[in-house]
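Colleague: I'd like to learn how to read a model like this one, feature by feature. Could we begin with how helices pack?

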Amino acid sequence: MLGVLKKPLRKMIAGSPWVYRMNTGSCNGCDVELATVALCPRYDTSRFGVKLSGSPKHADIVVITGPMTIRCKDAAYRIFSQIPEPKVVMTVGNCPISGNVFQDSYAVDPPISKHFPVDVSVAGCPPSPWAILDGFVKAIEIWEQRVGERLEG
Amino acid sequence: MLIEVLEKLLNLFVFPGFLFMAVIGLYFVGIHRKIVARIQRRIGPPIDQPFKDFAKLMIKEDLTPEGASKGLFSLAPFITIIGVVIGMMFVPMGGMEAPLTTAGGFLILLYLITVAAIGVMVAGSSSASPYAAVGVSREMALVIAYDLSLIVIFLTVAIKAAGTGAVATFSVSEIVNYQANRPFLFDLTMLPAFLAFLMIIPANLGLPPFDVVEAETEIVEGPMIEYSGSKLALLQLGSAMKAFFVCSVVVAFFFPGGLVAAGGVVNGVINVIWHVFKAWLVYFVAGTLVSASLGRRRVDQAVRFYLTVPLVLSIISLGLVLAKV
């Protein structure tokens, strides 16, 4: 009985990824692309069920921008631990991948994958809205897998 | 005796109680989000999005913050749901008798509408978060502001429906029967009270322009901030069910009455669908259209608004009814 329900349930749950944005010292370039271009009404991500949540406790997909500055490392770890399982981590921009222009600075500690298990990385400085949307679609695919694993127990 | 108890339990859990309200309420919210999106020229989420969100939240990890009072934190989501389900028991739908009828059902309704708000307050104040505390204080201020006009509206309806002889009737079924041929909606003396009730709906359901309690962009969901997983799902379900409950109360007070004569299963189903449609119409006019077109007010503006416009409108209505115009 439950086995039959699992597949439609998984499809259903996959249609509700809530996004939480975390800025770990980004220059705001990626945030502008992300918040005011990719998540705006024109490209309307709410058709995938995406909802921007303000609280990390409501998040399913956490979107990280910035190279992880030393000063915000502690806060980032604390916020990340408040996001309930299952979750998907997506990074936007070159900074989370390599540190980009800040990479040799004493004040940053890239890459993000050193700190958190990153699933999707969108490269670019800043990436185009279409690249970010593509990243969202890939993140939602991974989210569906995670949901499946969670349902299997 | 046993059959009667079983029937009441069925009423409580299936129709018109928990299950029915949950499905209708979640669809109300889904249609609301879709229409708001279309008004804002977006594609918008599918209509069954609230169901997806509910299923998602049910499988998510459930976190309880340190410093929260654990008992109240897990109890709070149920307060709203229980309040509105019991409230619905007193609301007659489409010409049928309500499952529970008493001489004072009317007063119980008035208090159960507030209980739904108390659920949110308990949720916020038990979760040990400053944002939640701000949300709770805002909710309290709003409830105090709109409850005054709500009481005046209820009194107006009670006095109007008493007919000759009695001063007021507090039985919901008498109020509904009184309107069999003359719905209060088409009565000029009751029109200000109806408008005042419509104005209360956005604050009561936490919709813009009076969504100061949840205000995502300033106090990040307010009382719900610390909730996750199944408890958050129940809180959202409660607020969706409350939408249907409050709109049903408006329908019962101002334009009850079925589409076809009562009696028989088919007519009953048609009447219930008609009632749901009317409740949705109330939600559409007072909730969807208003929230799609207006921005959020500050909390002091909201309180001032509720202590002036709806209060004055409802008092005008009360005066007209008392003067028997």
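Predicted model: local features only at pLDDT ≥ 70, side-chain atom pairs only at ≥ 80, totals over all residues.

Colleague: Which residues have the most contacts inside the largest nonpolar core?

Modeller: B:M21 and B:L142, in a core of 100 residues. Helix α10 of chain B, residues 229-254, gives the most to this core, with 18 residues. Take B:M21 and skip its neighbours within four places in sequence: B:M21 is then in contact with B:P16, B:V84, B:V85, B:M88, B:M241, B:F244 and B:F245. There's also a second, separate core of 33 residues, and A:Y20, A:F48, A:I140 and A:V147 are among its members.

Colleague: What does the pairing of α8(B) with α12(B) look like?

Modeller: Helix α8 (residues 191-205) and helix α12 (residues 299-322) of chain B have axes that come within 7 Å and cross at roughly 155 degrees. Over 145 degrees counts as roughly antiparallel, so that is the label for α8(B) against α12(B). Their crossing is left-handed. From α8(B), the contact includes B:P192, B:L195 and B:M199, and from α12(B), B:Y306, B:V309 and B:L313 are among the residues taking part. The class count here is 13 nonpolar, two polar and no charged.

Colleague: What about the backbone? Which peptide bonds are cis?

Modeller: Look at omega. The bond from A:P110 to A:P111 is cis, with omega near -5 degrees, and A:P111 lies in the loop between α4 and β5 of chain A. The bond from B:P208 to B:P209 is cis too, with omega near 5 degrees; B:P209 is in the loop between α8 and α9 of chain B.

Colleague: And where should I look for positive phi?

Modeller: Check residues other than glycine. A:M68 has a phi of about 65 degrees and lies in the loop between β3 and α3 of chain A. A:M68 is buried, because it has 25 other C-beta atoms within 10 Å. A:N100 has a phi of about 50 degrees, in the loop between α4 and β5 of chain A, and with 17 C-beta neighbours inside 10 Å A:N100 counts as partly exposed.

Colleague: Last one: how many residues of chain A are in contact with chain B?

Modeller: 18 residues of chain A, in contact with 25 of chain B. On the chain A side, α1 and α5 each supply at least two residues, and α1(A) gives the most, with three. That side has six nonpolar, seven polar and five charged residues.

Notes
Residues numbered from 1 in each chain as written. Chains lettered and ligands numbered in written order. Contact = placed C-beta atoms within 7 Å. Helix = DSSP H or I, 4+ residues; strand = E, 2+ residues; numbered from the N terminus. Nonpolar A, V, L, I, M, F, W, Y, C, P; charged D, E, K, R; others polar. Core = buried A, V, L, I, M, F, W, Y, C linked by C-beta atoms within 7 Å. Buried ≥ 20, exposed ≤ 12 C-beta atoms within 10 Å, placed from the backbone. Axes fitted to C-alpha atoms, helices over the stretch in contact; angles between N-to-C directions. Parallel < 35°, antiparallel > 145°, perpendicular 65-115°, else oblique. Left-handed = near helix turned anticlockwise from the far one by under 90°.
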